[in-house]
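Reader: Could you take me through this structure? I am new to it.

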Amino acid sequence: MLGSERAIIKVPASSANIGPGFDSIGMALSRYLTLKIELADEWVFIPQSEEVESIPTGKDNLMYEVALEVATSYKVNLPAAKVYVSSDIPLARGLGSSASAIVAGIELASLLCQLNLSIDEKLRIASVMEGHPDNVSPSLYGGIVVGYHHKDDTYITQVPYADVDVVMVIPKYELKTTDARDVLPKQLSYQEAVEAGAVGNMLVAALMKGNWPLVGTLMEKDLYHEPYRMSLVAELPIVREEAKKIGAYGVALSGAGPSILCLARKGDGERIVNSLRKIVPHCEVDVLTIDHRGVQVHKEAITTCN
Ligand SMILES: Nc1ncnc2c1ncn2[C@@H]1O[C@H](COP(=O)(O)OP(=O)(O)OP(=O)(O)O)[C@@H](O)[C@H]1O
Ligand SMILES: N[C@@H](CCO)C(=O)O
């Protein structure tokens, strides 16, 4: 295995929650964490792009920690590797960079230890590690995924189609998920919990039917997290007002923020991007597509030049 070959692991980014699908719904997006892996005498991660220039280069890297934990749980040794890392997923912006790294770490262990893990086994391991399946499941399976995870089981269902444009507003500042979770309440009242659950149920029904105007309405009615995180992302109300004015279906925080997800009719994305760039010139604004493939692994021959 490997030796004269190099393996390539490509993991898509993801946007979790889509409003009321807190900790359970996410979509895979067309930004990627890419690893090129060769067997080596010791572990090293070599950053190849700006987004990952600050990641640890040794055994304190999250991807190594994940790979080691997987190898240990299967009672096998983890061979050392040299890993070239490139990515256009910004860290700590609500685009699932940590979930992509967890999926990459599981794939590393599966490949280097020849574990041959099934995708469902990878989902279970990744969800246990991340604590919720909303980012890891789309990064593994692609598309829009609805999931439920608890200590005994993890379940997912893929949304069958998604013909929408995705506009992402990405502020320059980071917001760590742990900090964005610290502002959440410890409890909701029974009445609030029932209402929040009903909104989430309706969102799933609308997603499954491909009723995007209704998805847009419901993604703005979250009661689990966005009301508490609003104060952390000043751009959210401004982007929402402008995007809705020019025809977006709906706007919500992407994951724990600070990025902002806008869903729009197919073909409307560029127009919305042009308009939002004027309103929030300090942010990156881009049309992304939904990745339908999920994580990809392949091998290529290593050729040496003399
Ligand atoms: N490729 C990577 N290699 C090593 N560590 C990484 C990598 N990608 C992300 N991380 C770690 O994950 C942290 C970001 O995780 P965090 O959960 O705060 O944000 P996120 O996953 O980008 O956003 P969200 O969970 O809201 O979608 C980084 O600061 C870094 O420590
Ligand atoms: N569902 C998670 C996604 C980020 O990990 C949150 O919103 O905190």
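Reader: Into which domains is the protein chain divided?

Author: The chain splits into domain 1 (5-159 + 291-301) and domain 2 (165-288), with bounds from an automatic or database domain assignment. This is a predicted model, where local features need pLDDT of at least 70, side-chain atom pairs count only at pLDDT 80 or more, and totals for chains, interfaces and linings use all residues. Residues are numbered from 1 along each chain as its sequence is written, while chains are lettered from A and ligands numbered from 1 in the order in which they are written.

Reader: How far apart are the C-alpha centres of domain 1 and domain 2?

Author: They lie 24 Å apart. The contact takes 22 residues from domain 1 and 31 residues from domain 2, where contact means C-beta atoms, placed from the backbone, within 7 Å.

Reader: Which element gives the largest share of the side of domain 1 that touches domain 2?

Author: That is β2, with 3 residues; strands (E, at least two residues) and helices (H or I, at least four) are DSSP runs, numbered from the N terminus.

Reader: Now ligand 2: which residues come nearest?

Author: Of the 13 residues around ligand 2, the nearest are Ala 16, Asp 23, Thr 177, Gly 255 and Ala 256. A residue counts as near if its C-beta atom, placed from the backbone, lies within 6 Å.

Reader: Which helix gives the most to that shell around ligand 2?

Author: Helix α5 (residues 177-182) does, with 3 residues. The shell around ligand 2 also draws at least three residues from each of domain 1 and domain 2.

How values were computed
Two residues are in contact if their C-beta atoms, placed from the backbone, lie within 7 Å.
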